[in-house]
Structures are given as C-alpha cells and as structure tokens.
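Biologist: Could you take me through some of the labels used for this protein and what stands behind each of them?

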Amino acid sequence: MDSRMLAKYIDQTLLKPFVSDETMRAFLEECRKYGFAMAAINSAPVSFAAKILQGSGVHVGAAISFPLGQTTLEVKCFETRSAIAEGADEIDYVINQTRLKSGDWAYIEHEMRCITEICHEQNRLCKVIFENCYLTDDEKKRLCEVAVRVRPDFIKTSTGFGAGGATLQDVRLMKSIVGNEIGVKAAGGIRTLEDALAFIQAGATRIGTSAGVKLLQEFQEKGNA
C-alpha cells in the first residue's frame, strides 16, 4: 500500500457545529491536497464544499439526522434529497435506535430501504450508521442481516459522538456477515496509523477520522511513498 491508496480509505471528518467558513475552506483544501476518499461534513455546508472540491476526485459526504438519528423518516428522506441536490456524493445516515430498541425491525428495514433507494436513484453512495456502542451483538448481527437484504453501499460502526467508537471486534463481526457485498466503515476514536491499519486488516474498507492528515504524515515518515 502506498500513501495514495491509504488516503482513499479515509473519510476525513469535520462535524463540529461551530466551524467558520475559513476553517471549513482550509479543511476542504486539505482534503483536496491529500486526496482523501471523502470530506465528511454536516449537511448545511454541502453546497459550499461541492464548489471547492469540484473536479478534485474527493467526494462530499453529508451526515444525515446526525448524530442521534432521532428524526422521522420523512425528515431523513427530505434531508437526504436536499443534500444530494446541493452536491453531496455520499450520504451517512444514523438509524433510529428508538425503533430498534422497541423491536420495530420492519421500520428499521423500511427506513434503510427508503434512504438507500433515494441515494441509488441519484447514483450516490449510502452509508448506514449503526452506533454500535448502544447495541448488543445480536442487534448488530440483525442490522447486518437487514443491510444484506437492502444493499446500502456501506455499514458504519459509529458517529464518533456516542459513548464509544469503532472496535476491531465490531468490524470483524460486521464483515463476517456482509462479506464483500457491502463495505464496512470504521469510525470513532481512530487517531493513530497503527489503529487505522488494524481496522483495514480486520476488514474495514473506509476509515472515518478527523486525524487523516496525521495518519498520512505518519505513514510517509515511515518511508512509504
């Protein structure tokens, strides 16, 4: 693996609510410079980001119903369509854990199917955020099985705003169920090159982190081009 390949694993994130235009611009220019897979941002600045990243090959990713997932399906669908219209290439949405914890698996599958279909109709990628720190292993497995039926492009461990982030155990569990049919995104608490490479080894096909520049610089300092 070289540094360009590693960069294409990374969704570089800036999801804080108090970001100025200048800070956002600097972040986006950094994403362009390093050639990350995606700039992961909230949905409000998507049009701003799309203009700056146009032609760069770096996707604009919009976080939907973030970070709690506690908006109605209608609102999630509207936000998804709006973000795509503004220029989002990828959608990362948070499932409704209240419905999951209430045993309403039909709702969870319907929600996933609706948002995935909106994305795929517009040739956009869809990622489903589980927020594993609040789930049992059985719930994680069942969510993966729903994903196998619905076929989003990725399933994702965490928002990075919950009580816990990605774990190698969770990535291995998710990968064991979805195989190569659906990507697995590890996100939340990944701040070192050692951790990032361990997650990739475990089966992650994307890494969500705010430390992407640090990871690449560390990778290059170790003599990797």
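Modeller: Here are a few labels, each set against its definition.

Modeller: This is a predicted model in which local features need pLDDT of at least 70 and side-chain atom pairs count only at pLDDT 80 or more, while totals for chains, interfaces and linings use all residues. Residues are numbered from 1 along each chain as its sequence is written, and side-chain values use heavy atoms, with hydrogens and water left out.

Biologist: Why is Gln12 called buried?

Modeller: Its relative accessible area is 3%, and buried means under 20% (exposed is over 50%, partly exposed in between; 1.4 Å probe, protein chains only). So Gln12 counts as buried.

Biologist: And what makes Met5 partly exposed?

Modeller: Met5 has 45% relative accessibility, so it counts as partly exposed.

Biologist: How do you know that Thr209 is buried?

Modeller: Thr209 is at 4% relative accessibility, therefore it counts as buried. Among the residues in contact with Thr209 are Gln12 and Ile190; contact means heavy atoms within 4.5 Å.

Biologist: What makes α3 a helix, and which of its residues are buried?

Modeller: Helices are DSSP runs of H or I with at least four residues (strands are E, at least two), numbered from the N terminus. Helix α3 spans residues 46-53, and Val46, Ala49, Ile52 and Leu53 are buried there. They cover an arc of only 130° around the axis, so they sit on the same side of α3. That arc is taken from the directions from the helix axis to the C-beta atoms.

Key:
Lists of a residue's contacts leave out its neighbours within four places in sequence.
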